[in-house]
Amino acid sequence: MRPGPPAARRGQAARIDRRLEAFYGPPPRRRSRDALSTLVGAILSQNTSDANSRRALARLRARFRSWEAVRDAPLASLIGAIRPAGLAALRAPRIQAILRRVSAERGALSLTFLRRWPVERARAWLRSLDGVGPKTAAIVLAFGLGKPAFAVDTHVYRVGRRLGLIPGALSVEEAHPWMEELVRPERHGAFHLLLVRHGREICKAARPRCHLCPVRRLCDFYAARVPARAGRRAP
Ligand code: SF4
């Protein structure tokens, strides 16, 4: 079994969390969605931009009045509705398969039963759905069900590795349980959102804007590039 994060890294994560929140402000509370909407939204957001996935979800809601209608719609109609997200011919049958399975297993189109389950049982059930990987499951757990789970998307993975929070040898999948151990459960959702925002605005993929970064004194990448300046730790 892989050892968990050392105490020093937990402290570093907590300091980075505090500084990012001081810099960006507390992340806005997400408009509460039911877990099924969160799941469908997360499937639509895979490998596409936020703008495209939001458009696809809005079109789906405008075209269908209920999840039952989405489940029973002709496949071509659903593909047309979610086309802005891309890969619509792949996503649409997955969404319908999930809705059919929930109906068959629970007798109703709702994921509220997962609220009563322990987090790992709920995660395992979500992961058993076609098209649901560790990130999508964590998003549903954290933002649809209010459970402790840390979603590692492309921004969190890149920023976390640069900062030294995620060891370089860990895959994205392995980074999920690692981040869940590294960060206090009550900060999972907020810290995830702060890292995503930081990755979009400052710690960009191609050219990180380190000169603007509020956590550069806590960053391994920065220390390696600018060792003398990084050595002067901010109070
Ligand atoms: S110092 Fe640079 S590499 Fe490190 S987190 Fe900030 S922007 Fe990213």
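## Ligand shell, domains and helices in a predicted model

Of the 14 residues around the ligand, those that come nearest are C203, C210, C213, R216 and C219; a residue is near a molecule if its C-beta atom, placed from the backbone, lies within 6 Å of it. This is a predicted model, in which local features need pLDDT of at least 70, side-chain atom pairs count only at pLDDT 80 or more, and totals for chains, interfaces and linings use all residues. Residues are numbered from 1 along each chain as its sequence is written.

Helices (H or I, at least four residues) and strands (E, at least two) are DSSP runs, numbered from the N terminus. The most comes from α9, which gives 3 residues to the shell. By type, the shell holds 11 nonpolar, no polar and 3 charged residues. Here Ala, Val, Leu, Ile, Met, Phe, Trp, Tyr, Cys and Pro count as nonpolar, Asp, Glu, Lys and Arg as charged, and the others, Gly among them, as polar.

The protein chain as a whole has 13 helices and 0 strands. With 235 residues, a compact globule would have a radius of gyration near 18 Å, and the 19 Å of the protein chain agrees with this. That radius is taken over C-alpha atoms, and the globule rule is 2.2 Å times the number of residues to the power 0.38. Along the principal axes, the C-alpha atoms fill a box of roughly 65 × 35 × 30 Å. Buried residues make up 38% of the 235 residues. A residue is buried if 20 or more other C-beta atoms lie within 10 Å of its own, exposed if 12 or fewer, and partly exposed in between, with C-beta atoms placed from the backbone.

The domain assignment, which is automatic or from a database, gives domain 1 (7-28 + 151-228) and domain 2 (35-144). Their C-alpha centres lie 28 Å apart. The contact between them takes 7 residues from domain 1 and 6 residues from domain 2; two residues are in contact if their C-beta atoms, placed from the backbone, lie within 7 Å. On the side of domain 1 that touches domain 2, α10 (172-182) and α11 (188-201) are the elements that give two or more residues. The residues of that side divide into 2 nonpolar, 3 polar and 2 charged.

| α9 | V156, Y157, V159, G160, R162 and L163 | α1 (7-24), α10, α11 and α12 |

L109 sits in the loop between α6 (88-106) and α7. With 17 C-beta neighbours inside 10 Å, L109 counts as partly exposed. Not counting residues up to four places away in sequence, L109 touches L36, W67, E68, L99, V102 and S103. L36 is 73 residues from L109 along the chain, and their C-alpha atoms are separated by 7.9 Å.
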